[in-house]
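Here are my notes on the model, point by point. Please read them with the structure open.

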Amino acid sequence: MFQKASQEGSLQSNADMPLAMKQKILKTFARNDVLIPLLIFTIGVATSLLLSVEFRRNIEHGALLQFERNASDTQHVIEARFAAYTNAIRGLRALFEAQDAVSRVQFHDYVTSLDLKRRYPGFEVLNYAVQLDGKDKERFEESVRRDTSLNPSGYPEFAIQPPGTRPEYHVLTYLEPMVESSLGRDIFSTSAATAAITRWARDTGEVAMSGRPVPGLQDRIIGLAVRLPVYRRGMPLSNVEQRRAAFIGSVGAGFNIVTLMHEVLPRDVASYLRFALIDAGHIDPEHVGIAAPGAGLIFDSRGATAPSPIQEKSEPGQFFATVLPMTVGGRKWDIHFSAPKTAYISGTQALAPRMVLAGGILSVLLLGGLVHALMSSRRRAVGLAHAMTRDLRESKQLLQAIIDNSAAVIFVKDLEGRYLLVNRHLEEVFHREHDSMVGLNTYDLVPPEYAAALRAFDQEVIQAGRALEAEEIVPQDDGVHTYLSIKAPLFDEAGKPYAICAVATDITDRKRAEEELKRHRDHLEDLVKERTAELTEAKDKAEVANQAKSTFLASMSHELRTPLNAILGYAQILKRNKELDDRQTTGLNTIQQSGEHLLTLINDILDLAKIEAGKLELYPDAVNPQAFLRVIADIIRVKAEQKSLLFLYEVDPDTPRAVSADEKRLRQILLNLLGNAVKFTDRGQVALRVRCVSGCAGANSIARLRFDIEDTGVGMTPAQLTQIFRPFEQVGAIERRAGGTGLGLAVSRQLVRLMGSDIQVESQPGRGSRFWFELSVPVAAEMAAMPAERAVTGYQGPRKKILIVDDVVANRAMLVDLLSELGFDTAEAVNGQDALDRIAQLQPDLIVMDMVMPVMNGLEATHRVRQLPQWRDVPIIAVSASASQEDQAASLAAGVNVFLAKPIIQLSLLKQIGALLSLDWQYEQSEADAQDAIEAVLVAPPRQELESLYQLALLGNMRAIREWAAQLAARDARYGPFAGSLLDLASRYQSKEIVKLVGKHMNPDAKA
C-alpha cells in the first residue's frame, strides 16, 4: 500500500510509471476532488490500525510466551517436590523391607533423622499400618499395650478401631508425630478413600494418593493421604496375586498441601501468577472408587477451598490462562494457571501500538490534506505539481521515519516477492541501502533454500486472505536468526491482494536461552538422580556398619559383664566377713576396685556408642546436691591423700537443698574430671568448688550451678587442648597414660552437652589445669534424710526357697553363697528348660532368672512360666549381662517383676527380694551405734591438745591425724582407746566422723 501511495504522489516526477496508469489517476482526480482524499485517508488509517494491531499482537504474544514459561517452570517444581516427598516415603518403605522387623524406636529414630520441619514441611504425619489376619487381633493388641520402648507406661488402652470381628485388619501401628486418637485405626473399615488407595497400592506396588481434599483444623488447609505397600522380603511380586500374598503392611503420610504448595512459587512471581490444582480422577478406571470421577479443587494459590467462578472468566480479555496436566500417585491432575496481562506487559509496551497508530493517522491526515489541496487547486495543477510532490515526499519520509524507529523489521512486498517498502532495521540486517533494496526479490537476498521457505509463507498468507504468524529462519553474517513474523495481505479497491505487509521480531536470543535452560534442566535432573542414588547407597552402608557396631558392642558388653558378675559378687560376699585381717581386706578392696574400674571402661565405651547413635537419654530425679557432692569429695579425698595431695572442697551455702538432675551421669562427669586432676598432679592440690550463679532461692525455679575443678598438675599445651576431648585420645607423658582408655573426657563432654551446656578448659604447662561447666537445673522440693545403710544378716519368719537359673556355674555359685548365708533355701537350674522341668518339684517362692542362656533363654522361660496358672504370680527377678534399655523393656514385657544388670549390686538385689517377698530383714549393729558405745568409755586428752587435732580434721589431713594419734598412744596408755578410734577413722578417711568425735570431747555439754 505504501508503494502505491508513493507512486500516486510522484505521478508527475516518475517517468518510469506506465502512461495508462498516469492517465487513469489524472482522470480520477479530475472527476472527484473529495472521493480520492477520503479513500487515501481510509486506506492510511486502516494501514496504521493494522500496524498498531500487529504491534499489539506481537507484544502480547511475547508476554504469553513468558507466562507459559512461568507456568511450565512451576509445573516442573511441583512435580519435583512431589517426587522428593514420594522418595522420602519410599525410603520409609525400604526401612521395613530391609529387615524382618522394625521396632517402634527404629521407626521413631528414622523419622526424626528425616528432619521433617526443615526438609519436608508438607508432611503432617508419617505412619505404618500392619496387615493382620482376624485370628491375630487379640495377640497383636496385647503386644502393643506392653510396648514401652517409647512410652514408659506403654499403651494400656490400645484397641483396634472400630470394634468388631473382621476377617482382616490393616491397623495404624506406628505414627510420627504420635496421634493417639489415630493409633489402632483399621484403614479397611474407617476410611473408604484410604482403604481404596491402600488396596490399589497393594495390587500395583506403586505410590497411591487420595484425590479427595480433606479440610483440616483450619478452613484453608487441605490434606491428602498417600500409601505405599510393604511386601515380605524374598517373595515374588510379578502379578497381583503374588503381591497380595506378599503384602504385610503399608507406609503412608498425610500431606499438608497448603504448606507444600507455598514452597513452589518465588515471591515475585507468586504476586501475580495464580495456579489451582484440580483432581481429574484416577488413572486406572477399575479403581475410580478412590475419588471418582474427580475430587475437584485440591489447592488454589489464592486460598479458595472449593471450585467457584473466578475473575478470569468474567474478564477473559485481561488475563492469560493455560492448563497443564500431571500424574501424581495414580491420580490425574490438571494445573490451571492464570495471570493478568498487565503483569507481563509494561506501560511503555502498551503505549507503543497507540504511538504507531497516532503517527500513521497523522501522516495520513497530512497526506489527505495535500491531496485535497491538490484537487482543490487542479486548475493550478501545473504550477502546484512540484509543491505537491514535495509535500508528498515529506509525508513519505515522515512515514519512513516512523517505521524506521521501530525495533522490529517492517516491509511491504508485491505478489512476486519484490520489496516495495523496507525500514532501516531490515536494511541493517542485509547491509544494504534503501534504494538498492526496493525492487529486489527474496531470492536476491538469501540463499534459495531459505528464500523458498519465506516465499511459501507469503503464498500461504495470500491464500488465507488474512494475517498469519510464524517463525521464519533467516541467515545473517553472525549465523542463522529466528524471527517471529506477522504477515498480512493488502487489498486494492476491487478486494484483490496486491501486496504483503510484514512485521518481524528477532527472537534468536530468546530461543537460545530456552534451549540452554532446557539443557540445564535436563542436566540438573540427571545430577539429582545420581546424587540421590549415591546418598541412598551411603546411607545403607552406614546403617549396616552402625548395626554391626551395635551388635558387636552389645556382645562384648555381655561377655565382659558375665565374669565380672562373679568377681564383684564374691568380693562383696567376702568383705562381709568381719574376721579378715588388713592384708585380706586390702586384697579384696583391690579386686573390687579393679573390677569396678573395668566395668567403668565398659560403660564408657557403651555410652560413647549410644551418644554417637543419638540414643543416650537422661533420667533426672530429685538430688540433694550437698549430700551428693560430699560422697564424691570423700572418694576423691582418698585418692588425693594416697598421693600426698591436699584436696579442697568448697560448696556455696546458697546451693538449693534439692534439684532435679541425672545423678548417675553427673557423678560420672565429676569423677572423670576429678580423677584426671588427681592422676596428672604430683604435688600441690586438687580443688572442687561448686557455686550457685543464679536462681538459688525459692522452689519451682531454675538454679544455675557452676562446677569448677582445678589442679596444680603438669598442665597442657594449646596443641594438647585441641585433642583431649577426642575419643581414645590421651595426651601427656606415656607413663601417665596407663589405666585409661581416653574415653572419660570425650564421654563427659557429650554428657554435659546433652544437659544443655559444655565443658570449658584452660591450662598452662607446669602450672596446672582448670575445667568448669555450668548447668541449669530445676529446684525441687527438699528431700527427707536417707537412713544409713546397714549390712543384712538374715530375716525373720519362715524360710523362703529361691530358684537360681543361670548357665554360668560361677554366677550360680556366687548367688547360692550369698543367699544361703542369709538363711534362704536355694536350688539351681542351668537354663530355662531345666527351670520349667523342675519348678513344680522345687516349689520356689522366688526365681532369679538369667536372660541369655542356651537351650531356652530367660525371655521364653518367663513367658511360659506366666502361662502356668499356679505359677503366674511367682516373683521373677531378671538378671542379665545384656543391659541395654531394649533388653530391659523386652524382659519386662515378657513378665518379669524386676530387671537388674550384671554385675549385680548385692544390696540392690536384697532390696528387691525383700520387697517382693515382704521380708523383715535383720541388720548388724551400725557403725554409729558401735562408735557411740566406744566413745562412752574413751578418755580424751586436754582441750588445748584437742583444738590442734580439730584443725587437722577440718583440713582433712589424714596423715597428720594418724601421726598425732600414734604420738598420743605412745605418751599415755590412758589415751590408747581414743587414739585407736582416731586411727580407725583416719584409715577409712572418715573426716566428718573425726570432726564429730573431737567436737563431742571438746564440748561435752553439747552432746545432749
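1. Start with Glu-142. Its relative accessible area is 34%, so Glu-142 is partly exposed. The side chain of Glu-142 meets that of Arg-146 in a salt bridge, 3.1 Å from N to O. Arg-146 is partly exposed as well, with a relative accessible area of 43%. Keep in mind that this is a predicted model.

2. How many salt bridges are there in the count? The count comes to 34 salt bridges. One of them pairs the side chains of Arg-69 and Glu-514, at 3.0 Å from N to O. Arg-69 sits in helix α3 (residues 35–97) and Glu-514 in helix α18, so this pair ties together parts that are 445 residues apart in sequence. Arg-69 is partly exposed at 22% relative accessibility. Glu-514 is partly exposed too, at 28%.

3. Now look at Glu-472 and Lys-487. Their side chains form a salt bridge of 3.1 Å, N to O. The pair links distant parts of the chain, 15 residues apart: Glu-472 is in strand β13 (residues 468–476) and Lys-487 in strand β14 (residues 479–491). Are these two partners buried or exposed? Glu-472 has a relative accessible area of 8%, and under 20% means buried. Lys-487, at 1%, counts as buried as well. Salt bridges with shared partners join Glu-472 and Lys-487 to Lys-413, Arg-455 and Asp-458 in one network.

4. Which element gives the most to the negative patch? Helix α18 (residues 508–574) does, with 3 residues. Glu-530 lies in this helix. Its relative accessible area is 47%, so Glu-530 is partly exposed.

5. Leu-38, Phe-41 and Leu-365 make it, and its area is about 260 Å². Leu-365 belongs to helix α13 (residues 347–376). At 46% relative accessibility, Leu-365 is partly exposed.

6. Next, the aromatic rings. A search of the whole structure finds 18 aromatic pairs. Why is the pair of Phe-411 and Tyr-419 called edge-to-face? The ring centres of Phe-411 and Tyr-419 are 5.4 Å apart and their planes stand at 70°; planes over 60 degrees apart count as edge-to-face. Phe-411 and Tyr-419 are buried.

7. Phe-707 and Phe-773 form a stacked pair, with 5.1 Å between centres and 20° between planes. Phe-707 is in strand β20 (residues 702–711) and Phe-773 in strand β22 (residues 768–778), so the pair links distant parts of the chain, 66 residues apart. Phe-707 and Phe-773 are both buried. Elsewhere, ring pairs link Phe-96, Phe-107, Tyr-128 and Tyr-174 into a cluster.

8. Check the backbone at two prolines. The peptide bond between Gln-161 and Pro-162 is cis, with omega about -5°. Pro-162 lies in the loop between α6 (137–145) and β2 (168–176). A cis bond also runs from Glu-176 to Pro-177, with omega near -5°. Pro-177 is in the loop between β2 and α7 (187–190).

9. Two residues deserve a look for phi. Asp-115 is not a glycine, but its phi is positive, near 55°. It is placed in the loop between α4 (104–113) and α5 (116–119). Asp-115 counts as partly exposed, at 30% relative accessibility. Val-855 is not a glycine either, and its phi is positive at about 65°. Where is Val-855? It is found in the loop between β26 (846–850) and α26 (858–866). Val-855 counts as exposed because its relative accessibility is 72%, and the cut-off is over 50%.

10. Last, a pair of lysines. Lys-639 and Lys-679 are 40 residues apart in sequence, with their C-alpha atoms 8.9 Å apart in space. Lys-639 is in helix α20 (residues 625–642). The relative accessible area of Lys-639 is 40%, so this residue is partly exposed.

Key:
Residues are numbered from 1 along each chain as its sequence is written. This is a predicted model: local features need pLDDT of at least 70, side-chain atom pairs count only at pLDDT 80 or more; totals for chains, interfaces and linings use all residues. Side-chain values use heavy atoms; hydrogens and water are left out. Helices (H or I, at least four residues) and strands (E, at least two) are DSSP runs, numbered from the N terminus. Buried means under 20% relative accessible area, exposed over 50%, partly exposed in between (1.4 Å probe, protein chains only). Rings of Phe, Tyr and Trp (its six-membered ring) pair if their centres lie within 6.5 Å; planes under 30 degrees apart count as stacked, over 60 as edge-to-face and the rest as tilted. Patches are made of residues with over 30% relative accessible area and no salt bridge: like charges are joined within 9 Å, nonpolar side chains (Val, Leu, Ile, Met, Phe, Trp, Tyr) within 5 Å. Accessible areas come from the Shrake-Rupley method with a 1.4 Å probe; for residues, only the protein chains shown count as cover. A salt bridge is a side-chain nitrogen of Lys or Arg within 4 Å of a carboxyl oxygen of Asp or Glu.
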